[in-house]
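Hello,

Here is the structure I promised to pass on to you. Please have a look at it first, and then read my notes below.

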Amino acid sequence: MIQVEGLTKYYGEHAAVRDLAFTINKGEVIGFLGLNGAGKTTTLKILGCVLLPTSGRVVIDGYDAVRDPHEVRKRIGFLPDTPPLYDEMTVGEYLAYVAQLRGVSSQEVRARVTEAEEKTALREKDGALISTLSHGYRQRVGVAQALVHRPAFLILDEPTSGLDPAQIRGMRELIRSLKGAHTVLVSSHILPEISETCDRLLIISGGQLVAQGTEEELARKLGGGSVEVEVRGDKAKALEALAGLGPVTVAQEDGTVLSLRVEVSPDQRPQVARALVGAGLELLRLDRGAQRLESIFLSLTRNGGASSQEVSS
């Protein structure tokens, strides 16, 4: 669906983006991560045909974004970090207006508006003025305007920004529901949401791609992770037995049964098992723990991160 090769964008002497290269397959939901100033917004604007690149190539659904921007725009739905809303319009009026701008025929406009409202749980707000909506509903209208023309590719820039926990859950479910029918690129600072909704990650630092792959692939290639164990026996003995291997966190304690997280490589599972059994504890469970996305992200973006060749899938 999307192929990016050698993408570079200069602002004067400053390179906001340098030599980006990645592909996104049809129907994937991709998380796009980076610290502030890493080049995310510039990249999204180039993909959305808002900015021209200095050099490089972007192909979306078979069309070159520089040579055929009008064809590319027909296939893109874009939610910028601030939704482009008109407060004096009702939700239905606004979505109909956007559909017409997007080239939807007059005979189909009402059906497309209804479809977009149903996908974003906005049907009950069809006649409401946008100025009266809460922040969460305004975000939903922003997603609906990006969907109303049935784009092949959706770009969502900080879709959960400013939402409360219930609204974040709703937005997460909405993004999940779009998988397959649309190819989706999501940029967000809320890492748990990226972890729960996205198939793969693209991580950018200093204008360069430093990693791409699934969360599990990146954790494995960074050599991080943990081991999770469940044992029955004395807590002090368990902590003493594991003290020489790595930091230990007691995740749960239920009588004599302990759930522990040991910050060591999953390759050290045999050592963890031997230490616990050798201390006279009953080993009930031993699993490969998942390295949290936060630690992966910080490892890759600290001091510019590693090269993308080292941690790309």
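**Helix contacts and domains**

In H3, the residues Val91, Gly92, Leu95, Ala96, Ala99 and Gln100 meet Val109, Val113 and Glu117 of H4. By type, the residues of this H3 with H4 contact are 6 nonpolar, 2 polar and 1 charged. Please keep in mind that you are looking at a predicted model.

How do the two helices lie to each other? Helix H3 covers residues 91–101 and helix H4 covers residues 109–119; their axes come within 9 Å and cross at roughly 120 degrees. That angle makes H3 oblique to H4. The crossing in which H3 passes H4 is right-handed.

Helix H5 (residues 135–147) and helix H6 (residues 165–178) have axes that come within 10 Å and cross at roughly 15 degrees. Angles under 35 degrees count as roughly parallel, and H5 and H6 are therefore roughly parallel to each other. H5 also passes H6 in a right-handed crossing.

Where they touch, H5 brings Gly136, Gln139, Arg140, Val143 and Leu147, and these meet Gln167, Gly170, Met171, Leu174 and Leu178 in H6. Sorted by type, the residues of the H5 with H6 contact come to 5 nonpolar, 4 polar and 1 charged.

Now for the chain as a whole. The protein chain is divided into domain 1, spanning 2–220, and domain 2, spanning 225–290. Taken over C-alpha atoms, the centres of domain 1 and domain 2 are separated by 43 Å.

Enjoy exploring, and write back with any questions.

Best wishes

Methods:
Residues are numbered from 1 along each chain as its sequence is written. This is a predicted model: local features need pLDDT of at least 70, side-chain atom pairs count only at pLDDT 80 or more; totals for chains, interfaces and linings use all residues. Side-chain values use heavy atoms; hydrogens and water are left out. Axes are lines fitted to C-alpha atoms, for helices over the stretch in contact, and angles run from 0 to 180 degrees between N-to-C directions. Helices (H or I, at least four residues) and strands (E, at least two) are DSSP runs, numbered from the N terminus. Angles under 35 degrees count as roughly parallel, over 145 as roughly antiparallel, 65 to 115 as roughly perpendicular and the rest as oblique. A crossing is left-handed if the near helix is turned anticlockwise from the far one by less than a right angle, and right-handed if clockwise. Contact means heavy atoms within 4.5 Å. Ala, Val, Leu, Ile, Met, Phe, Trp, Tyr, Cys and Pro count as nonpolar, Asp, Glu, Lys and Arg as charged, and the others, Gly among them, as polar. Domain bounds come from an automatic or database domain assignment.
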